[in-house]
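Here is a short tour of one protein model, written to be read alongside the structure itself. Keep the viewer open and follow the residues as they come up.

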Amino acid sequence: MSAIDDLATELSKLPGIGRKTALRLTYHLLKQQPEQTRRLAQTLQTLSEKVRTCERCFNLTEDEVCAICRDPRRDQSVLCVVEEPADIGAIERAGEFKGVYHVLGGRLAPLDGVGPDDLTMDALVGRVTKGVVREVIVATNPSVEGEATAVLIQRELSPSSVPVTRIARGLPIGGDLEYADGASIAQALSARRAM
Ligand SMILES: [Zn+2]
């Protein structure tokens, strides 16, 4: 295997990048200044070395606890459960939510072999049963898997008697929270209902 093939193979593992695009990117990198390519390599290495998950909420961070969890102005009693760290970015851009988050690390997808144990469900139950949380807002995506995940969360948290709410269906069905606009997210959050 040549270096060109190796890189094209790695790039084609990225979402939205096919073999053809991967090769095009590889040749582009070969054409640019070596210094620029080295900088890209360095950035990638720093990324994988420095970025990790928050001990509390599983958001991505360069510290033990992320900036949102550390922020004293955030309401620790309202917990918004999302599938991926990127969803936090989308909700934060909407600017309405003042509570804290919990990242599941995915959604239930039995066909892809993703079960409850592959998500941070135990940690979520642990956080809620500690007694600080007054409301859990489930903001999993409005897809079949997202809904099944919401039902699982509701079931797992029912012994705690903490109210569990679900964001409204203001978002396009099957559409990812990550790509929704701020106004739709704010609307979906404020129109949440009890599960
Ligand atoms: Zn955090």
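The sections below go from the overall build to the sheet, the salt bridges, the surface and a few single residues.

## About the model

This is a predicted model, in which local features need pLDDT of at least 70, side-chain atom pairs count only at pLDDT 80 or more, and totals for chains, interfaces and linings use all residues. Residues are numbered from 1 along each chain as its sequence is written, and side-chain values use heavy atoms, with hydrogens and water left out.

## Overall build

The secondary structure comes to eight helices and seven strands. Helices here are DSSP runs of H or I with at least four residues, strands are runs of E with at least two, and both are numbered from the N terminus. Along the principal axes, the C-alpha atoms fill a box of roughly 60 × 35 × 35 Å.

Of the 195 residues in the protein, 39% count as buried. Buried means under 20% relative accessible area, exposed means over 50%, and partly exposed lies in between, with a 1.4 Å probe and protein chains only.

## The five-stranded sheet

Five strands form an open sheet with mixed pairing, in the order β4-β3-β5-β6-β7. At the edges stand β4 (99-103) and β7 (193-194), each with a single partner strand, so one side of each has no neighbour in the sheet. Two strands count as paired if DSSP finds at least two bridges between them.

How many bridges join β6 to β7? Two bridges link β6 (residues 164-166) with β7, and these strands run antiparallel. To find the spot in your viewer, look for T165, which stands opposite A194 in β7.

## Salt bridges

The count comes to 10 salt bridges, where a salt bridge is a side-chain nitrogen of Lys or Arg within 4 Å of a carboxyl oxygen of Asp or Glu. One of them joins E135 and R192, whose closest N and O atoms are 2.6 Å apart. E135 lies in strand β5 (residues 135-138) and R192 in the loop between α8 (182-190) and β7, so the pair ties together parts that are 57 residues apart in sequence. E135 is buried, with a relative accessible area of 15%, while R192 is partly exposed at 33%.

The side chains of R74 and E92 also meet in a salt bridge (2.9 Å, N to O). Here R74 is in the loop between α4 (67-70) and β3 (75-82) and E92 is in helix α5 (residues 85-94), so this pair ties together parts 18 residues apart in sequence. R74 counts as buried at 12% relative accessibility, and E92 is partly exposed at 29%. Another bridge brings together D63 and R70 (3.4 Å, N to O); D63 is partly exposed at 37%, and R70 is partly exposed at 47%.

## Surface patches

D117, D118, D122 and E156 gather in a patch of negative charge on the surface. Among them, D122 is found in helix α6 (residues 121-129) and counts as exposed at 65% relative accessibility. Patches are made of residues with over 30% relative accessible area and no salt bridge, joining like charges within 9 Å and nonpolar side chains (Val, Leu, Ile, Met, Phe, Trp, Tyr) within 5 Å. Asp and Glu count as negative and Lys and Arg as positive, with His and the chain ends not counted; the place of a charge is NZ of Lys, CZ of Arg, CG of Asp or CD of Glu.

L40, L44 and L47 make a nonpolar surface patch of about 290 Å². Accessible areas come from the Shrake-Rupley method with a 1.4 Å probe, and for residues only the protein chains shown count as cover. L47 lies in helix α3 (residues 34-50) and is exposed, at 52% relative accessibility.

## Single residues in loops

Is C54 buried or exposed? At 0% relative accessibility, C54 counts as buried, and its place is the loop between β1 (52-53) and β2 (60-61). C54 and S77 are 23 residues apart in sequence and 18 Å apart in space, C-alpha to C-alpha.

Most residues other than glycine have a negative phi. F58, in the loop between β1 and β2, has a positive phi near 70 degrees and is partly exposed at 23%. S161 has a positive phi of about 60 degrees; S161 sits in the loop between α7 (144-157) and β6 and is exposed, with a relative accessible area of 63%.
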